[in-house]
Amino acid sequence: MSELTEKARKLDAVDELAAKRAEFVLDGPEGAVYLDGNSLGALPVAVPGRVEDVVRRQWGEMRIRSWTEGGWWTAPERIGDRIAPLVGAAAGQIVVGDSTSVNVFKALVGAVRLARETDAGRDEILVDASTFPTDGYIAGSAARMTGCTLRPVEPSEVPGALGERTAAVLLNHVDYRTGRLHDLPALTAAVHAAGAYAVWDLCHSAGALPVGLDAHGVDLAVGCTYKYLNGGPGSPAYLYVRADLQDRFDSPLPGWNSHAEPFGMRSEYEPAEGAVRGRVGTPDILSMLALEAALEVWDGVTVEAVRAKSLALTDFFLECVAEYVPEGRVECLTPLPHGERGSQVALRCADAGPVMRRLIERGVVGDFRHPDVLRFGFTPLYVGFADVERAARALAEELG
C-alpha cells in the first residue's frame, strides 16, 4: 500500500460527511469513480420512490386535486426556500422554475430596468468574458432588447471597466472551465459603487461552497439544480431577487403564474408580490418534485462542512497528481489558493480528449472541455478520498 493510499484511507475514516455517500445511488468500491458531479449530480436514493408517488398517486389518483391538496401550486416557492440556506439567502427570495438560460434573461433585463428607474442613460451591460457560452448569448440578446451596448470583460477587470453608463453586470461565481472562484463580495460592492446592479450565475458554486447572497447584498442571482444540488437531468433552475428589490422587479417574461390574480384571466398584467414575480408559466411538476426529494440529502449538513471537505479533496487530488503524474504532462489551470478555488480541478493536457475517453473506459468519470482541458469535479457529499487517489493513479497510468 502506497503512502497516499494509506493517507486516503485515514482521511476517509475521519470524514464527517462519509455517511452521506449511502444516500446516493453509486457504484460499489470497485466501480466507477464519479468526478463529473459538476455537470450532473448523482441520483439520491430517495428520488425514485418520490417520483413514483408523484406519478402513480398524485397524478394517477388525485389528478388535478394535487395542485392544491398535493402542494403542486406552491412548489416553486417552497423548494426555493429549501435552496435558500445553501446560497445564504433568507426565505421568500428564491423561486424555482424554468431553465438557467431563461432565468439569466429575466434577471439581466430586470436589472437593466431597475438601473434605468433612476438613470435612463445607463445603456451598457458588462458580461464575464470567460462565461459559459449561453450566458453570453443571453446577455447579447438582453442588450439588443434593451438598447444596451454589451462589453465582455474579465472578472478581475470589472472594477476598472465600470462607469456611469453601466446598468448591469453578469458574472459567474466559479469559472466553468478552470474552476476559478471569483470574488463575489468585492465585485458586488464595486458594481454597487458604480450605481449598477449585479447578477450572479451560481451554477458551479451552489451546493459546493458558501455564497452569501444576503450578506453581500447581491441584487439578482440564478443557478441550476442538476450539478451539486443533484436534482437530475434538466431539473428546474432558480431565480433569486433580493427582498427589497422585489416590488420593483419588472420581469421581461410576465406570465399567468406570476400574476397577482392568476385565475382571474384578466387581459391586464398585474405582478404578484414577492418571489412569485419570477414565475412565468405552469411549473414542471415531475422534475420539480424530484428536485425537492433530492434536496433532502442536505438535512443535517452545513455548507461550511461541504466547503471544508471540498478543499481537502481538491488539495489531496493535486497532491496525488504531483506525486503520480509524469512531470510536464499536465498543467493545473485551477488556482491553488483556497480563496480562489471552486470545487473542481482543471488540468491542461495536449491530448485531453483521448485521455478522458480512456479514463472513462476504465471507470474514472470526469469530462473534457475543448480544446485541451481535463475537468474533474468533486462533490463532497459522495466523493471520498480513496476515489481521489484512485483517479489520480489512473490518470498517471494513462499519461505514463
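Predicted model: local features only at pLDDT ≥ 70, side-chain atom pairs only at ≥ 80, totals over all residues.
Val 95 stands opposite Leu 239 in β10.

Are the faces of β10, residues 238–241, covered or open? Both are covered: Tyr 238 and Tyr 240 on one side, and Leu 239 and Val 241 on the other, are all buried.

Now the cores. The largest nonpolar core has 82 residues, and within it Phe 317, Phe 376 and Leu 395 touch the most other members. Apart from that core lies another, of 29 residues, and Leu 239 is among them, as are Val 104, Ala 107 and Ala 143.

Back to Phe 376. Leaving out residues up to four places away in sequence, its contacts include Leu 35, Phe 317, Val 345, Met 356 and Leu 395.

Next, the open sheet. Four strands form it, in the order β11-β12-β15-β14, with antiparallel pairing. β11 (331–332) and β14 (367–369) are at the edges with a single partner strand each, so one side of each has no neighbour in the sheet. For β14, the pairing with β15, residues 373–377, is antiparallel over three bridges. One detail there: Arg 369 has Val 373 of β15 as its bridge partner.

Last, helix α9, residues 303–324, lies across β11, β12 and β15. The helix runs at about 25° to β12, residues 344–348.

Key. Residues numbered from 1 in each chain as written. Heavy atoms only, no water. Core = buried A, V, L, I, M, F, W, Y, C linked by side-chain atoms within 4.5 Å. Buried < 20%, exposed > 50% of the residue type's maximum accessible area, 1.4 Å probe, protein only. Contact = heavy atoms within 4.5 Å. Pairing = 2+ DSSP bridges. Helix = DSSP H or I, 4+ residues; strand = E, 2+ residues; numbered from the N terminus. Axes fitted to C-alpha atoms, helices over the stretch in contact; angles between N-to-C directions.
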